[in-house]
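Subject: Structure handover

Hello,

Please find the structure below. My notes on what was found in it follow.

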Amino acid sequence: MFAVIKTGGKQFRVAANDKITVAKIEGNAGDTVAFDSVLMLTEGEKTTLDAKALSEITVAGEIVEQARGEKVIAFKKRRRQNSKRKRGFRAELTVIRITDILTGGKKPEMKKADAAAAPVAAKAKAAPKAAKAEAGEEAEKPKKAAAKKAPAKKAAKDESSNA
């Protein structure tokens with residue numbers, strides 16, 4: 001069984017356990033996403049194109065990772081004008097693994113991955129900063145003033161100019 005879905009202005013042919021790369025979809029790795037915009041469904045020899053029947057079909061997927069595409073360089077040059085412009089662009093992408101194609105109006109179980117682990121990770125990042133701050137307070141004890149250098153001797157120069 002496979003389906004044709006529409007997301008990010010593009011159409012994708014998907015089946016269970018397929019990995020597709022689409023325009024960025026908000027979410028973290030492990031989150032479940034549902035695609036309601038199904039354009040076609042094929043089960044063996046039976047193909048469904050009816051809009052009413054397709055409205056009851058949902059494609060479920062899991063976010064594998066958030067990634068960035070290859071750099072695309074837009075270089076514009078106007079000859080004999082001494083004018084050129086170079087710009088780079090990297091598309092924000094999401095890699096999704098299709099888990100199931102649900103028919104009969106069923107909806108996927110939406111889950112957020114590591115919802116409890118995210119605050120713990122934020123605290124783990126904050127902990128080293130707190131440790132550095134405590135170490136910084138100990139290091140802020142007053143230091144001895146550096147000894148001043150003696151001024152350069154001008155006597156030799158003054159004597160030569162007087163002579």
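A contact here means heavy atoms within 4.5 Å. By that criterion, residues 24 or more positions apart account for 68% of the contacts in the chain with a separation of 6 or more.

Some conventions come next. This is a predicted model, in which local features need pLDDT of at least 70 and side-chain atom pairs count only at pLDDT 80 or more, while totals for chains, interfaces and linings use all residues. Residues are numbered from 1 along each chain as its sequence is written, and side-chain values use heavy atoms, with hydrogens and water left out.

Overall layout

The chain has 3 helices and 10 strands; helices (H or I, at least four residues) and strands (E, at least two) are DSSP runs, numbered from the N terminus. Read from the N terminus, the order of elements is β-β-β-β-β-β-α-β-β-β-β-α-α. Of the 163 residues in the chain, 22% are buried. Buried means under 20% relative accessible area, exposed means over 50%, and partly exposed lies in between (1.4 Å probe, protein chains only). The accessible surface of the chain is about 12900 Å², with 52% of it belonging to carbon and sulfur atoms; these areas come from the Shrake-Rupley method with a 1.4 Å probe, and for residues only the protein chains shown count as cover.

Nonpolar core

A nonpolar core is a set of buried Ala, Val, Leu, Ile, Met, Phe, Trp, Tyr and Cys residues joined through side-chain atoms within 4.5 Å. The largest one holds 18 residues, and the members that touch the most others are Ile5, Val14, Ile20, Phe35, Val59 and Ile96. Two or more residues each come from strands S1 (2–7), S2 (10–15), S3 (19–23), S4 (32–35), S5 (38–43), S7 (58–68) and S10 (92–102). S10 gives the largest share, 3 residues. Beyond its neighbours within four places in sequence, Ile96 has contacts that include Ile20, Phe35, Gly61 and Val64.

Ile63 and Asp31

Ile63 lies in strand S7 and is buried, at a relative accessible area of 1%. Among the residues Ile63 touches, not counting those up to four places away in sequence, are Ile25, Asn28, Asp31, Val33 and Val95.

Asp31 belongs to the loop between S3 and S4 and counts as buried at 6% relative accessibility. The side chain of Asp31 reaches the backbone nitrogen of Asn28 at 2.8 Å. That is a polar contact: a pair of N or O atoms within 3.5 Å, where within protein one must be able to donate a hydrogen and the other to accept it, and residues adjacent in sequence count only if both atoms are side-chain atoms.

Rings

The charged end of Arg13 sits over the ring of Phe2, 3.8 Å from its centre. The criterion is NZ of Lys or CZ of Arg within 6 Å of the ring centre and within 35 degrees of the ring normal.

Most residues other than glycine have a negative phi. Arg80 has a positive phi, near 60 degrees, and Asn82 has one near 55 degrees. Arg80 is in the loop between strand S8 (72–78) and strand S9 (83–89), and Asn82 is also found in the loop between S8 and S9. Arg80 is exposed at 71% relative accessibility, and Asn82 is exposed at 80%.

Regards
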